[in-house]
Amino acid sequence: MKNIWKDLAWLNTIRSSARSIGIVVLIFFLAFSLYFISYLTAGMNNGIRSMEDKLGADIIVLPMEVDENEYQGALINGEPSHFMMDDRVINAVNGVQGVQKCSPQVFVATISASCCAFPVQVIGIDFETDFSVTSWLQDDVELPLQRDQILVGRNIVAQTGAYLPFFDHKFFVAGSFSETGMGFDNSVFMGIEDARMIAAKAPYYSFENQEEQENMISSVMVKVDKDFDARVVARDIDQVIKEFNAKTEVTRAMFTDIARQMTQYKDLFILLLALLWGLGLVVLMVVFQLMIRGRRREWIALRILGATKKQLSRLIITESLILGAIGALTGTVFALIVQTLFNTTIQQRINLPFLEPNREIVLLLIGVTIGLCILIGPISSFFGVRNLYREEIAVSSNREG
């Protein structure tokens with residue numbers, strides 16, 4: 001007998017195709033929005049944590065003309081940037097009380113590259129003094145890099161052992177590093193000497209002599225002693241680097257700005273999700289109410305044949321579970337397809353640190369999404385089922401007769 005009610009529920013969903021498709025489509029969009037917004041939120045949370053772990057520096061010294069948004073664009077999205085200053089600023093920074101260590105970097109924006117359909121950011125690292133990048137790069141490849149060797153980010157299409165040309169100079173790909181959720185994924189790392197060498201070939205850099213080329217840097221990463229306040233040390237550094245036309249950026253303040261932007265995104269996502277689910281729940285409740293009332297003759301016929309109210313309620317709930325399962329599964333699968341095909345584009349459009357959630361988190365999101373969306377059908381049909389309990393259909397049948 002139990003199979004009869006299951007079969008009847010399936011037949012009812014197939015027979016009322018227009019109504020069933022409408023309910024499935026609505027639950028499809030609810031599942032898609034729930035999974036996708038949850039995925040984006042989890043990815044942004046991972047991204048900001050990754051950025052804090054991998055940047056490593058407390059203060060960054062930059063040329064005065066570099067806009068904060070330009071540097072953040074290079075850091076977060078890997079937008080190619082180039083800027084330079086004299087490396088004498090390093091000695092000035094080292095002389096400030098509270099500075100534990102510092103290390104220069106060189107930024108070179110390529111014009112084009114065979115590995116990519118877009119220019120890439122080249123970052124030159126001084127491996128002898130670096131403390132901010134090598135600490136996590138060494139997990140993926142042996143350091144330091146030799147001359148003419150490079151490391152490529154996750155989004156750079158290049159196999160280990162291949163050669164990539166930059167400004168007519170070929171570099172050996174020594175390896176690649178794991179995803180960071182930052183602009184590093186679209187960047188290439190090399191030794192600082194190699195970076196200065198290709199900077200000399202770049203059309204946007206011009207050096208008066210060989211010494212100026214050999215002394216050029218783009219930024220200085222600064223680690224502050226734990227007993228000092230980074231903001232106070234940054235103010236002291238600003239005083240001694242004025243003559244070099246340089247300035248400081250405190251990374252904690254940068255993280256705060258990014259976290260604020262991220263909070264605005266998440267608040268918007270939560271608001272959209274609440275509106276979608278609130279509206280969806282109301283619409284489904286109305287649809288199930290109308291469905292139950294519109295099938296009154298069917299309930300009367302089943303009651304005459306001996307069906308109990310409990311069996312009718314079970315039939316309605318089974319139908320709602322079937323429709324909810326179809327909508328939940330298709331919506332979640334479609335969200336996974338969109339995530340897979342457009343993951344890189346999504347990261348670039350968000351313009352914030354984004355690190356794809358690991359497999360365990362993705363499976364958890366899939367399970368929660370499918371579970372909630374399957375349950376939304378029975379929850380929406382609750383009031384219709386309750387009204388069905390209140391009515392005595394058999395009595396109504398006698399009256400109509």
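This is a predicted model: local features need pLDDT of at least 70, side-chain atom pairs count only at pLDDT 80 or more; totals for chains, interfaces and linings use all residues.

Colleague: How many salt bridges does the structure hold?

Modeller: The structure holds six of them, and one of these joins E179 to R154, with their closest N and O atoms 3.7 Å apart. That pair links distant parts of the chain, since E179 sits in the loop between β7 and β8 while R154 sits in the loop between β5 and β6, 25 residues apart.

Colleague: Buried or exposed, what is E179? And how does R154 count?

Modeller: E179 is buried, because its relative accessible area is 17% and the cut-off for buried is under 20%, whereas R154, at 42%, is partly exposed.

Colleague: Which other residue does R154 meet in a salt bridge?

Modeller: R154 also meets E356, at 3.9 Å from N to O. E356 is in the loop between α11 and α12, so this pair ties together parts that lie 202 residues apart in sequence. E356 itself is partly exposed, with a relative accessible area of 25%.

Colleague: Switching to β11, why is it described as largely enclosed?

Modeller: Strand β11, residues 246-250, is largely enclosed by the rest of the structure because five of its five residues are buried. A246, T248 and V250 point one way from the strand, while K247 and E249 point the other way, and the side chains of K247 and E249 meet in a salt bridge at 4.0 Å, N to O. With shared partners, salt bridges also join R154, E179 and E356 into one network.

Colleague: Which strand does β11 pair with, and in what sense?

Modeller: β11 pairs with β1, residues 59-63, in the antiparallel sense over five bridges, and within that pairing V61 has T248 as its bridge partner.

Colleague: What about the helices, say α6 and α3: how many of their residues are buried?

Modeller: In α6, residues 192-199, seven of the eight residues are buried, so the helix is largely enclosed by the rest of the structure. Helix α3, residues 68-77, is mostly covered, with seven of its 10 residues buried, among them Y71 and L75. Just after α3, G78 takes a positive phi of about 70°.

Colleague: And on the surface, which residues form a nonpolar patch?

Modeller: L268, L271, L272 and L275 form one, with about 370 Å² of accessible area together. Of these, L268 lies in helix α9, residues 251-294, and counts as partly exposed because its relative accessibility is 43%.

Conventions:
Residues are numbered from 1 along each chain as its sequence is written. Side-chain values use heavy atoms; hydrogens and water are left out. Patches are made of residues with over 30% relative accessible area and no salt bridge: like charges are joined within 9 Å, nonpolar side chains (Val, Leu, Ile, Met, Phe, Trp, Tyr) within 5 Å. Accessible areas come from the Shrake-Rupley method with a 1.4 Å probe; for residues, only the protein chains shown count as cover. Helices (H or I, at least four residues) and strands (E, at least two) are DSSP runs, numbered from the N terminus. Buried means under 20% relative accessible area, exposed over 50%, partly exposed in between (1.4 Å probe, protein chains only). Two strands pair if DSSP finds at least two bridges between them.
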